[in-house]
Amino acid sequence: MRRILITLLLAVVSLSWIPAYADAATVVPPGNRNAEQPPIPGASVRRTKGTNSTFERKYQKVHELLATDTRLMSKIKSTARAYGIDPIHIIGALVGEHTYNVDAYDGLQSYYVKAASYAGQSFRFAYNGEDVDDFVARPQFDACKSKRDSYSLWICRDDVWESDFRGKKVGGKSFPDNRFSAVFFQPFYAGQTFGLGQVNPLTALELSDLVSSTSGIPKLDEKDAGGVYKAIMDPDLSLAFVAAAIRKSIDDYRSIAGMDISGNPGITATLYNVGNSRQRASALAAKNRAASQPVWPEENYYGWLINDKLDDLKSLL
């Protein structure tokens, strides 16, 4: 009997890490899982070379911005408190964006000037003459009508795009084999994101309810493309969307995958970069259900840098 009890106890212990059986989320270890930085996408390499810069120079430039702009750092800290996250997560997202995607401006004021340059411009979210609000009124999206919050609603619509429209011909109209956000939510040019956090317009729409309830920012409307761009370009507003995206990824991994990623800024930075935290958490949960040892989330090139530079970045706080 004693041997049987010991065997059962060992079985319970061996399974205790599995999120589905855990009362509390399993804490993801700090640091990088990869010894070397994963490959950096060619587009990022070409973009950086095209501006006669290097990733190290861009990193140093955004680091200097954060180190010298006390007003910006104050905004980062207060926003992080509002969303219940460590400010290092916001710093990681900003550093990753300005190292691999865009160059940092010299000061916060430059971001205000850039935002003002787009104020009053007339544009809309559409593809091939069809406004996105008309597009999502198609019957394929009927299942999304029951969604009561902006995150669930736009995630549902994104899923329908992937399953029913992407790369297909529907009702005599062909749709590109590309992301929903790239097809309908980039009215100026492909790959376009804006502002301090380089937030995608579709991401902003998804996070609208969370940001509104937490920061008091009016809810966004896809019919008002100008209002969406103001929210993601104005530093007084956009940091809330950065924080909300991070908060959502942490919550998704806890509730879906049973893992606590709040202590690993490289993972939250990775998710900020690649998006789709809900789907990625679901995929990780599925892997862990079939695994005998925990399968940890891994950082990409973007998140790897944040963990690698973590001591340097924490010194900013």
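Analyst: **The disulfide and its surroundings**

The structure holds 1 disulfide (a pair of cysteine sulfur atoms within 2.5 Å). The model is predicted, so local features need pLDDT of at least 70 and side-chain atom pairs pLDDT 80 or more, while totals for chains, interfaces and linings use all residues. Residues are numbered from 1 along each chain as its sequence is written, and side-chain values use heavy atoms, without hydrogens or water.

The bond joins Cys 144 to Cys 156, with an S to S distance of 2.0 Å. Its S-S torsion is about -85 degrees, so the disulfide is left-handed. The link ties distant parts of the chain, 12 residues apart. Cys 144 sits in the loop between α7 (132-135) and α8 (150-165). Cys 156 is in helix α8 itself. Helices here are DSSP runs of H or I, at least four residues long; strands are runs of E, at least two; both are numbered from the N terminus. Cys 144 and Cys 156 are both buried (under 20% relative accessible area; exposed is over 50%, partly exposed in between; 1.4 Å probe, protein chains only).

Now the wider setting. The protein chain has 17 helices and 6 strands. Of its 317 residues, 47% count as buried. Take the contacts (heavy atoms within 4.5 Å) between residues at least 6 apart in sequence: 73% of them join residues at least 24 apart.

Leu 108 lies in helix α6 (residues 108-118). It is buried, at 2% relative accessible area. Leaving out residues up to four places away in sequence, Leu 108 touches Leu 65, Asp 69, Arg 71, Leu 72, Lys 75 and Pro 235. Asp 69 is 39 residues from Leu 108 along the chain, yet their C-alpha atoms are separated by 7.1 Å.

Ser 249 belongs to helix α13 (residues 235-255). At 3% relative accessibility, Ser 249 counts as buried. Beyond its neighbours within four places in sequence, Ser 249 is in contact with Ile 261, Leu 271 and Ser 277.

Pro 29 has a place in the loop between β1 (26-27) and α2 (42-50). With a relative accessible area of 25%, Pro 29 is partly exposed. It touches Asn 264 and Trp 296, not counting residues up to four places away in sequence. Pro 29 and Asp 260 are 231 residues apart in sequence, but 9.2 Å apart in space, C-alpha to C-alpha.

Last, helix α16 (residues 301-308). This helix is mostly covered: 7 of its 8 residues are buried. They are Tyr 301, Tyr 302, Gly 303, Trp 304, Leu 305, Ile 306 and Asn 307. These buried residues pack against α3 (55-68), α5 (87-100), α14 and α17 (310-314). At the start of α16, a side-chain oxygen of Asn 300 comes to within 3.1 Å of the backbone nitrogen of Tyr 302.

Definitions and conventions: Polar contact = N/O pair within 3.5 Å; in protein donor to acceptor, adjacent residues only side chain to side chain.
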